[in-house]
Amino acid sequence: MARNEKNTRMCAGCRKRQNRSALVRVCKSKDGSFCINTFPSHTEGRGVYVCPDQKCIENALKRKSFSRSFKCELPSSIAQDLRDFAKSRSLE
């Protein structure tokens, strides 16, 4: 668990609390567009945090955590971008 409770967020995939800097944020802005943020960048709007891990991302997509939080379906292009991001991180 992170030292500062203020900076911890829960992963939508594994449901573990981690420091916000270790997670990826999927954001839906007020105009309805979606984007993927990594720390320290921040976009205004509703955000869902997930570990940058293939397993966590697939688990969150399977459980429809993003759709439930955003109250709309996550675009397939954003889901694919998340998968690609996790693959690129696993190759490093």
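**A look inside**

Reply: Of the protein's 92 residues, 34% count as buried; buried means under 20% relative accessible area, exposed means over 50%, and partly exposed is in between, with a 1.4 Å probe and protein chains only. Bear in mind that this is a predicted model, where local features need pLDDT of at least 70, side-chain atom pairs count only at pLDDT 80 or more, and totals for chains, interfaces and linings use all residues. Numbering starts from 1 along each chain as its sequence is written, and side-chain values use heavy atoms, leaving out hydrogens and water.

First, the layout. The protein has 3 helices and 5 strands, and they come in the order β-β-β-β-β-α-α-α along the sequence. These are DSSP runs numbered from the N terminus: H or I over at least four residues for helices, E over at least two for strands.

In soluble globular proteins, nonpolar side chains tend to be buried together. Here the largest nonpolar core holds 21 residues, and Val26, Val50, Phe66, Phe70, Leu74 and Leu82 have the most contacts inside it. Two or more core residues come from each of β3 (24-28), β5 (46-50), α1 (54-62), α2 (65-70) and α3 (76-91). A nonpolar core, by the way, is a set of buried Ala, Val, Leu, Ile, Met, Phe, Trp, Tyr and Cys residues joined through side-chain atoms within 4.5 Å.

Zoom in on Phe70. Setting aside residues up to four places away in sequence, Phe70 touches Val26, Cys27, Lys28, Phe34, Arg46, Gly47 and Val48, where contact means heavy atoms within 4.5 Å.

Next, α1. Its Cys56, Ile57, Ala60 and Leu61 are buried. They sit on the same side of α1 because they cover an arc of only 130° around the axis, the arc being that of the directions from the helix axis to the C-beta atoms. Lys55 and Lys62, on the other side of α1, are exposed. And what do the buried residues of α1 pack against? Their partners are β5, α2 and α3.

Ser65 then lies in helix α2. Ser65 is buried too, at a relative accessible area of 6%, and its contacts include Ala12 and Ala60, leaving aside neighbours within four places in sequence.
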